[in-house]
Amino acid sequence: MKSVPGVGDVLVHTLLGDLPELGTLNNKQIAALTGVAPMNRDSGKLRGKRRIRGGRSTVRVVLYMATVSATQCNPVIKAHYRKLVAQGKHKKVALTACMRKMVTILNAMVRDGEVWAA
């Protein structure tokens, strides 16, 4: 994980310490466990807004800062962020989507024993 642009030592140590399930769960499960999966607030005919909530806040806070950095220097995350903003998404929403993308990429890398190759 150290060779991924935009992923620093703090994120690596936080993921290793606070998210030992990384690499063993599928993308939906790891996003929900991290707290970046959208949760709906529906009741009957009412369709509420989707918001992120729950999960491990320590991981989410560190992942947020790593994603802010990755939108500047990681080519994959940067392109995804710019595409979402160009589609008219709010910047915070686009950043949250990038957080989810980053955690799913890291999950797949750990699961498959791969290194970053862009």
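## Terms and Basis of the Model

A crossing of two helices is left-handed if the near helix is turned anticlockwise from the far one by less than a right angle, and right-handed if clockwise. Helices (DSSP runs of H or I, at least four residues) and strands (runs of E, at least two) are numbered from the N terminus.

This is a predicted model, in which local features need pLDDT of at least 70 and side-chain atom pairs count only at pLDDT 80 or more, while totals for chains, interfaces and linings use all residues. Residues are numbered from 1 along each chain as its sequence is written, and side-chain values use heavy atoms, with hydrogens and water left out.

## Overall Architecture

The protein contains 5 helices and 4 strands, arranged along the sequence in the pattern α-α-β-β-β-β-α-α-α. Its radius of gyration, taken over C-alpha atoms, is 14 Å, close to the 13 Å that the globule rule (2.2 Å times the number of residues to the power 0.38) gives for 118 residues, so the protein is as compact as a globular protein of that length.

The C-alpha trace spans about 45 × 30 × 20 Å along its principal axes. Buried residues (under 20% relative accessible area, with a 1.4 Å probe and protein chains only) make up 35% of the 118 residues. Of the contacts (heavy atoms within 4.5 Å) between residues at least 6 apart in sequence, 56% join residues at least 24 apart.

## Helices α2 and α5

Two packed helices are described by the angle between their axes and the distance between the axes. The axes of α2 (residues 27-34) and α5 (residues 91-112) come within 9 Å and cross at roughly 125°.

The crossing of α2 past α5 is right-handed. Asn-27, Lys-28, Ile-30, Ala-31 and Thr-34 of α2 meet Arg-100, Val-103, Thr-104 and Asn-107 of α5.

## Helices α1 and α3

The axes of α1 and α3 (residues 57-73) come within 10 Å and cross at roughly 155°, which makes α1 roughly antiparallel to α3. Here the crossing is left-handed. From α1, the contact involves Val-10, Leu-11, Thr-14, Leu-15 and Asp-18; from α3, it involves Thr-58, Val-59, Val-62, Leu-63 and Ala-66.

Thr-14 lies in α1, which covers residues 9-18. At 13% relative accessibility, Thr-14 counts as buried. Residues up to four places away in sequence aside, Thr-14 touches Leu-19, Thr-58, Val-59 and Val-62.

Methods: Axes are lines fitted to C-alpha atoms, for helices over the stretch in contact, and angles run from 0 to 180 degrees between N-to-C directions. Buried means under 20% relative accessible area, exposed over 50%, partly exposed in between (1.4 Å probe, protein chains only). Angles under 35 degrees count as roughly parallel, over 145 as roughly antiparallel, 65 to 115 as roughly perpendicular and the rest as oblique.
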